[in-house]
Amino acid sequence: MDTKLALLLLFAPFIGFLINVFTGKKLSGNLSGIIGTAAVAVSFAVTLSFFLQVSSTKEAVMVDLFQWMKLANFDVHFAFQLDQLSLLWLMFVTGIGTLIHVYSISYMHDDENIHKFFAYLNLFVFFMITLVMGNNLLIMFIGWEGVGLCSYLLIGFWYKNQDYNDAAKKAFIMNRIGDLGFLIGIFIIGYLFHSLDYTDIRTVIETGSHHIDPTWLSIAALCLFIGACGKSAQIPLYTWLPDAMAGPTPVSALIHAATMVTAGIFMITRLNYVFDLAPEVQNIIAIVGAVTSLIAASIGLVQNDIKKVLAYSTVSQLGLMFLALGLGAYEIAVFHVITHAFFKACLFLGSGSVIHAMHGEQDMRYMGGLRKVMKVTFITFLISTLAISGLPPFAGFFSKDEILMTAFHHNKPLWVIGSVASIMTAFYMFRLLYLTFYKDFRGTEEQKKHLHESPGLITFPLIVLAILAAVGGAISLPGNSWLNEYLAPVITRHAEHHHMGTTEYMLMAVAIVGALIGIGLAYAKYIKQSAVPAQDSEITGFAKVLYNKFYVDEIYTALIVKPIYALGSFFKNVTEVAISGFIFGLGKLANVLGAEGKTLQNGSIGFYLFAFVLGICSIIVYIFLAK
Amino acid sequence: MDVLIILITLLIGAAATYFAGDKLASKVATFFSLAAFGLTLYISYLQSNGVEVGFTRPWIRVPNIQLSFLADGLSLTMVLLTTALAPIIILSTFKKVQNKAKSFYGLIMLMVFAMAGTFLSGDGLLYYIFWELSLIPIYFIALIWGGGEAEARKKDVVKFFIYTFAGSLFMLVAFVYLYQKTGSFLNYHFLRLHLNGTEQFWIFFAFFIAYAIKIPIIPFHTWQANVYQKAPTAGTMLLSGIMLKMAIYSIIRWQLPIAPAPAKEYMYPLIALCIAGVIYGSILALKQQDLKKLLAYSSLAHVGLIAAGVYTLTIDGLRGAVLQMVAHGFVVVGLFYAAEIIQRRYNTTEISEMGGIRVQTPRFTSMFMILVLASVALPSTFNFVGEFEVLYSLAQTNIWFAVLGGTTIILGAFYMLRMFQQVMLGEQNTKVFADVTFGEGFVFVLIIGVLLFFGLYPKPIVNFVSPVLENIILHINTSN
Amino acid sequence: MTTLIAIAGLGIICLIAEIFNLRKAIVPVSIIGLLAILGLNITELNLVGSTYYNNMIVENNYSRIFSALFIVLTTFLVALSPEFHKNHKTKISDFVAIKLFLLAGAVAMVSFGNLAMFFLGIEILSISLYILAASEPKNVSSNEAGMKYFLMGSFASGVILFGIALIYGATGSFDVETIYNTVSGGNIPGWFFIGIVLLTIGLLFKIAAVPFHFWAPDVYEGSPALTTATMSTLAKVAAMAAFFKLMKGLNHEVPGTYVTIIIIVSALSMFVGNLMALKQSNVKRMLAFSGISHAGFMLMVFLSPPTTTGVLFYYAAAYGLAGIAAFAVVLSVCGNKGNEEIYNFNGLGKTHPLMAAVLTCSLLSMAGIPIFSGFFAKFFLFGEVLRAGQVAIVIIAVVNSIISVGYYFKLILAMYTKDSTEEKQAVPFAYSVVAVVAILLNIALGLYPDLVLGYL
Amino acid sequence: MLTTLFYILSAITLATAFLTILSKNPIHSAIYLVLCFFSIAGHYLMFNAQFLAIVHIIVYSGAIMILMLFTIMLMNLNKEDEQNKSALTRIAAVLSFCLVAFVLLATFVKAQPVINEYKVSGQDYQSIKVLGQVLLNEYMVPFEFASVLLLVSMIGAVLLSKKEHINS
Amino acid sequence: MENILQQIGIENYIYLSTLLFCVGAFGVLYRRNAIVMFMSIEIMLNAVNLLLVAFSTYHQDAAGQVFVFFSMAVAAAEVAVGLAILVAIYRNLNNIDIDSLKKLKG
């Protein structure tokens, strides 16, 4: 029964995908949307039942289908594992997934390829479920690459625009760089543990049944982390995520905010026992996370594209999660993943609603004053903004605060970085809010005429998500964490529970004050001074560097892409020519010799006889006289 | 019933195709290739149930040459690949008007026959004969039905022929030498031979030249791109889908077991060379403006990886290589077919003249996309299974090999997606592109079906080939 | 012995038939007679070797099987004659008779037991060829070819004769067996080996090995095509067989320097033949150079004489049959064009697919591509030479095989990729029959080498 | 005495041979060649091979040389041509003559066996009778075979010089 | 009866023959007149004949002399054919200079 249900959970979206792919053309847009939504909703329902089951039994559900790959030291099976961690993930993947599907029915209503959109979206959910449900690293890898593929397909959904296609390609390739790291990590794990199953790996580590070389283990952890960097957009592989905003907004919400990008965190949490054995790598993770968080936040300060701001904010938040992971606080990272999923999805969908209203305009410089027309959107957006800014009692406050608290206990500089990033977050989020919803409308008259609140299918998910963003913190209140308890079986070393003492309350206060400072600054600038961000050409100084994202893309192009092309040209024009020139030069040489030899064959009997005699002489000399 | 029947079917098929006349040729060829495929399946089934399906009979007394046909999992797998691809390749030519059709299809069948023979031969000389025999049909196919400027094509095709012929002659010398030692050409007699280091080195070297040219491994690859570009697509499919697998199969079957010592001694340089080919081919693929040439270089990169896997001398490497061979065979045929379909409509293979096709052809796009993804080894496609095992074996040898070889998954994605973008995406092309017909789509569906099925369930093939490969590895490891 | 007598008799019958105005019967009778002789010859295979007339003629499997090959080749050549000489009907009896006598000479060259027989045999062969080369008196090329061949051939005959004289001087006998025994007994004057070397040089000339090859391209080109066919198949093969028999019979203790010379000559022949052939535009001339390179290949048999008898025969048969097939096509294509330039073959694949296929097969056989017997020939050869430990020459041979593909394929390319400039002409029946039968025999040999290898 | 005779005869042989070659007029060459043949016949006589000497004279001087002379006359060649012979040819010819003569002589000198006593069988081995017996018994087959040779050359000569009658 | 070679020595005959042979070869190389070249070849053959006779005496054996007959037959046959070819050439070219026969080359 479990097996069938698990398969239903897994394949429901896939069936939706198939239906939409093969019959989508004939279906009306709404119908394909409904099918797609229903498929995910089924998954959600099944997930819910499993969730309840596992919550009570505390026994993971294991499903083993058949042998997939066979290697010298171990086999890899198609097998699934529904334990606390995966179910938790599935809950919000399918849950938020359903909401976003609902949202999309309306949002994508006018697109001619809506059935494709739902097909891809369903496929994405399918792969995401695979990623989460697998009981070994390779199944995870299927999902891992599969969601990357869907991401590619959805970013490039409007394929007529080659810029979007470029963005899609970039996302895929950058992900693949990470995937290579992941793959290498898998190799080493397989080599070390003779298995890729999570349970086997855990057993080996816990029982110490055979010796594991710590150096190799660290390398494996590092490689896995590189994989996570790619998927979760951490330095140095984060640049694809902002570009990925080329895709339709629901995609950004689902894939590039709530679910796919958290796969890296899922993977590290999944293998927490491995990472625990590699403290150096944990340090690296923490530092990378913190720095990413800061850098992304700083870039986010000056972006004008509403989705770009959210994208950088996502990167920044992911950085915070990695910070938590690096500190060994897996539960906290997961906690932040969940809260982030709520509020960031809400933010994205809200921005989608705005864009919808603005007829595709994404630049905040041409918005403003939407508060009046789009009430629901505004309120939900506000709640989410407050949540992300870390103001109590919204969800973001608890998770972010826990991360910073842990950082404070372990590593003060990281805490400073994280805090600064949080302040920046508060600033730019409110900048976003103010620029979009406050003051007067700055767009064209034409746009103004058409401004409207989005229909119910769009606002409904916003409301649900806003509620979740508001109360989601409840799952892990300081000192009394349901989440920590729930996750206990899958995490071997638990984050120490901070005794809520003076220091802790101090820190909370500092965090709140920091957030308020950020909000205050934004208020001062955009409400009081009514400042509107400058046009692109007028941006100068450090702001320009920030606006241009520290020129990272340009640097990558110059350092990696260009040299590869140059190398390609070199290979094409020099080495290829040289090699073929050499080899076929031999043929030419033969031809030249043949042509030259013709002069020797001059037709004169005298010469022929002369050669004859010389031949006789040389043979006789060689045989008889040369001793 | 033994394996001979497959060969006989194919040979009769070749003759029947030729004599059926221009109109019926393609149908007769399809029929016989399907029959051969069916027979191969049946024989593989028998073999896996322990029925002896090999065939050995004396042929020439002096020198002692046997008509010996092996039928273990490895060779039958390769024959399955061959006979499965044959009807697909033939089907792929259906819509195109061929002049001299009977010769065209006859030659294709002859080539399939020769390649199947190469995979089945258990006698060195027989193997060599089939090996060379397979060269002649493709020579004519490329020469007569090829595209591009006639003089240039002629030049490239002749170069190709001479080049590969040159390589295989060295292999012949090695065989002759081995024969002098054993008095027989039978594979298992060779394996019992105790050769000293120098002998092994030279034999290994002679084999290597032959295989390195055929596979091709850099720097022996210069014939490849031009021939792939200029041969008719069916010919390119035969070349890239099956023929270069002959060389890799031969490494596993002949080179490594006969001369294991140099393989062990020079493992690192060999793998390094193969992997250099991966990177080199990938980077060159980025710079190609011709679709078929791009696919040729991508093929160079992929087979480099396969060869690297073989030279790791691990069971994972060999198994991965075999799986990857089959997978690559299908995917490359599919990709070249896609190129052919575009060529039929746009009459060009220049990438710059394409673009904006997707708007017009949703079905073709999807199928092409899946093939592209398979070629970049997306998990759940067959290619991933092979590539994973190969890279895993490389990682066991040296982690850096895996890292460098693994760049194929990045670079591969890079050039394939770039190609896909330039060919298919963008604003609608001014030229009309009719979506694939049922027949064309059918070919794609077959290929994609195979790729996905074995991508998820490679077990039948794995179980089929593993015992053979394990034996070979055992032989390599136990011989000194 | 009967073979020789019968062949000479057949030649005379031809001449007599002309006298009695039975010209139409000449060719059929000759062919039937030749086939009968062939049958006789084959039935005698595997009989115990015997000698006749004071050891003048020694019959054993070697002589029988080579005679059989010569007869087969001659049959083809005779069959080609009437069509080729259709404008010289009056001379047909002469041509056929000369070919038959030539065959008698060739048979004598492989079944001699005495150097006198050998010498006479080789002279009959040579003189017949001088005549055939010059057999178009009005054609300056033919004159030139005849003259060149005659002058150089006589010169070479002088050298051979000098060698024979020295051998006689050293051993006191012309009888091969006696010589062999005397030499085995040791203590013979140094003249003997000088004689052997001069004899070798003379025969190297006959098989057109470098540096004694210069005549071959010119003569092949200038001679009437059928004569070229005779020279490049029958004459070359016969000279090679005689050479091998002589060396095996006389020279049983080969000094290292002699072997070196053979290796050098062999390598040079291969290189010169193949490289020069690359740039030829005349098919006959190209085949002449190809013949030079094949002489180089065949010379390799001397590196391991005790075991290579069968190999030599196999090689000779493969080469001869492929050559006949190729020339039959050349004749059919260039028969009335007055030249044999490659462009005449343009588009042959379209106009005469059968002829083109035959020529392709024969060229592939010469290039040494399986399943044609040319491949096995090379293969057996390499095997034996490798066994003798001569790796270097095998490598050279391999390199040369590669080069040779270049020019063989030039012709194939012309046939299949270029368009014919002239309209289609019917192929004479005799030509197509000979071409097809020859190439089928070639392939049969390839598929079943035991057919002939078993006798040696 | 015999030695002196040998040297004289040898000198004549070589000298006339040289003159044959160096004479510019073919007629002169032919005459010197006849002289050369006579001197060789003289050598044969010294060996007591009278039959051979006579046959030699008959065949060479009587048949071959006459044939050649006829040809010369027929073609009216009794004049000095060959004006276009280059110096290079001459030098090459002279050099190769010296070379080949030197090489061969050196080889023979090197290969010279030490012979103190020449064999004397005491039997008659070169009278007409003995030669006839040998020729027609032991060498019967080559003797017959030589007839084939002569037949071929006869046919050849006819073939090459006969005029064709197309309609016959 | 004493062997004549006792006085003169076989080696002297060899040297003589060799020299004569070389002179013949020289003639072939030196002259361009075909008839004279034929004569030179005759000289070469005669040198060998002389050698054969000398060896015949050396071995006290008739075979050498018998062989000379064959050699003569060959010489006669060759000359007959050679002259026939020569005549044909003369008819076409009106001269018998070998250097005019250079059409076939390359």
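**Close-up 1. Helices H3(B) and H20(B) of the predicted model are oblique to each other.** Helix H3 (residues 73-92) of chain B packs against helix H20 (residues 459-478) of chain B at an angle of about 135 degrees, and their axes lie 7 Å apart; because angles over 145 degrees would count as roughly antiparallel and those from 65 to 115 as roughly perpendicular, the pair is classed as oblique. On the side of H3(B) the contact is made by B:Gly73, B:Leu74 and B:Thr77, while H20(B) contributes B:Ile461, B:Phe464, B:Val465, B:Pro467, B:Val468 and B:Leu469. Sorted by class, the residues of this contact comprise seven nonpolar and two polar, with no charged residue.

**Close-up 2. Chain D meets chain E in a contact that takes 68 residues from each of the two chains.** On the side of chain D that touches chain E, at least two residues each are supplied by helix H1 (2-22), helix H2 (26-46), helix H3 (50-75), helix H4 (87-110), helix H5 (128-138) and helix H6 (140-161) of chain D. This side of chain D has 48 nonpolar, 15 polar and five charged residues.

**Close-up 3. Segments of chain D carry the annotation "transmembrane region" in an unreviewed UniProt entry.** According to that record, the annotation covers residues 6-23, 30-47, 53-75, 87-109 and 139-160 of chain D. Over residues 30-47 of chain D the chain is 94% helix and 0% strand, with the end C-alpha atoms 26 Å apart. Over residues 53-75 of chain D the corresponding values are 100% helix and 0% strand, and the end C-alpha atoms are separated by 31 Å.

Key
Residues numbered from 1 in each chain as written. Chains lettered and ligands numbered in written order. Predicted model: local features only at pLDDT ≥ 70, side-chain atom pairs only at ≥ 80, totals over all residues. UniProt positions renumbered as here; feature names shortened; annotations may be inferred. Helix = DSSP H or I, 4+ residues; strand = E, 2+ residues; numbered from the N terminus. Axes fitted to C-alpha atoms, helices over the stretch in contact; angles between N-to-C directions. Parallel < 35°, antiparallel > 145°, perpendicular 65-115°, else oblique. Contact = placed C-beta atoms within 7 Å. Nonpolar A, V, L, I, M, F, W, Y, C, P; charged D, E, K, R; others polar.
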